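The entries below are in the order of looking.

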Amino acid sequence: MKEKSLVIKFQETPLSCHDSMLQNNFDIIDYMYIQKSLFVRIHYYVRLIVLGIAPLGGDLLKLGVHVSIAGSVDRAFDRAEERGCDTFQIFTRNPRGWKSKDLIDKEVESFRAKSESSGIEPVFGHMPYLPNLASSKDETYEKSVETLIDELSRCARLGIPYLVTHLGSHLGQGKEIGFERIINAINRAVKEAEIDVMLLLENTAGTKNSMGATFEDLRFIIESLDEANRIGICFDTCHAFAAGYDLRNEEALQTTMEKFEEILGFQRLRVVHANDSVGKLGSRLDRHEHIGFGYIGDEGFKVILKHEVLGSLPLILETPVDQAGDDYTDLKKMRDLFQSI
Ligand SMILES: [Zn+2]
Ligand SMILES: [Zn+2]
């Protein structure tokens, strides 16, 4: 991944964290916003380098959403640009089925060209819904491992550096079986697939039988893998909150993130899924809410954006789009909260 100094990035793309409307309207407010952000971020940025976390371009706020690839995979860049995203996430295929259409050379070339010209980075791939890496059913399990290998390869072909995966459900067979299955699945997939894609394990809400809801469980999986250096973490705020990790105010967030640092280490963290939560703290309910309208609330997202590590990482919104434009509204909400810090 390209590494640029903060100053160079700042001079090249001073407005990359604004939406297109603001880009046409570079006024004193924007200028103050950038100045303020720059000073706030500069010390965080230095700390990230000291911690050994990839600076990810060193931008001020890296914000994006999950976008559709309908039509052709490269269309994702157009949609991300329309929304003023600095980063985004996609499914590289239809997420609801087992079958995938092969990527064709033309769309791969176009995807890579747009990646180069748009300056939007990084892009995250997300595994489809059906695979279950913890499944005790052999047929589902084998198909899941194959899908993981295929998705890692598709991401590599598209030049996508990260693939996010959920850890699945042990289907009532118990956590030990689940661990065994997941570890075996990841070992096999990582060995067989392209090497330049990092697999990011996403924490889950702790819904019945689901795997990977606690930092300890994630650590156990990572430590048991053959090639742990190729594994990172995706931190989902809704899932963490539903699993019992409080994020609603500065003190609560500090406590949660200190635990994270102690158990998993920030150096593995590559992306934050910024979602508010329909369920209460510890509800184990995996339902995402619009930013500020769930139990994490405005104050929670303010402290998340202010957090020296979380606020400096790419933040991807996976909030519901019930009506056209909901994603624009949630992106704006995050930018407004960032400005109010
Ligand atoms: Zn997520
Ligand atoms: Zn979720």
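Entry 1. I looked up helix 11 (residues 297-306) and helix 12 (residues 326-339): their axes come within 9 Å and cross at roughly 70°. That makes helix 11 roughly perpendicular to helix 12, a label for angles of 65 to 115 degrees. Axes here are lines fitted to C-alpha atoms over the stretch in contact, with angles from 0 to 180 degrees between N-to-C directions. Helices are DSSP runs of H or I with at least four residues, strands are E runs of at least two, and both are numbered from the N terminus.

Entry 2. I noted the source. This is a predicted model, in which local features need pLDDT of at least 70 and side-chain atom pairs count only at pLDDT 80 or more, while totals for chains, interfaces and linings use all residues. Residues are numbered from 1 along each chain as its sequence is written, and chains are lettered from A and ligands numbered from 1 in the order in which they are written.

Entry 3. Which residues of helix 11 meet helix 12? I found Asp298, Phe301, Lys302 and Leu305 on helix 11, against Met334, Leu337 and Phe338 on helix 12; contact requires C-beta atoms, placed from the backbone, within 7 Å. By class, I count five nonpolar, no polar and two charged residues in this contact.

Entry 4. I traced Met334 into the largest nonpolar core, which has 81 residues; Met334 is among those touching the most other members, with Phe88, Tyr162, Leu163, Leu200 and Ala274. Such a core is a set of buried Ala, Val, Leu, Ile, Met, Phe, Trp, Tyr and Cys residues joined through C-beta atoms within 7 Å. Buried means 20 or more other C-beta atoms within 10 Å, exposed 12 or fewer, and partly exposed in between. Leaving out residues up to four places away in sequence, Ala274 touches Thr237, Ile291, Phe301, Ile304, Leu315, Ile316, Leu317 and Met334.

Entry 5. I moved on to Ser340, in the segment after helix 12. Ser340 counts as exposed because it has 9 C-beta neighbours inside 10 Å. Its C-alpha atom is 8.0 Å from that of Lys302, 38 residues apart along the chain.

Entry 6. I checked the backbone for exceptions. The Glu121 to Pro122 peptide bond is cis, with omega near -10°, and Pro122 sits in the loop between helix 5 (105-118) and strand 3 (123-126). Leu171 is not a glycine but has a positive phi of about 55°; it lies in the loop between strand 4 (162-165) and helix 7 (175-192).

Terms used:
Angles under 35 degrees count as roughly parallel, over 145 as roughly antiparallel, 65 to 115 as roughly perpendicular and the rest as oblique. Two residues are in contact if their C-beta atoms, placed from the backbone, lie within 7 Å. Ala, Val, Leu, Ile, Met, Phe, Trp, Tyr, Cys and Pro count as nonpolar, Asp, Glu, Lys and Arg as charged, and the others, Gly among them, as polar.
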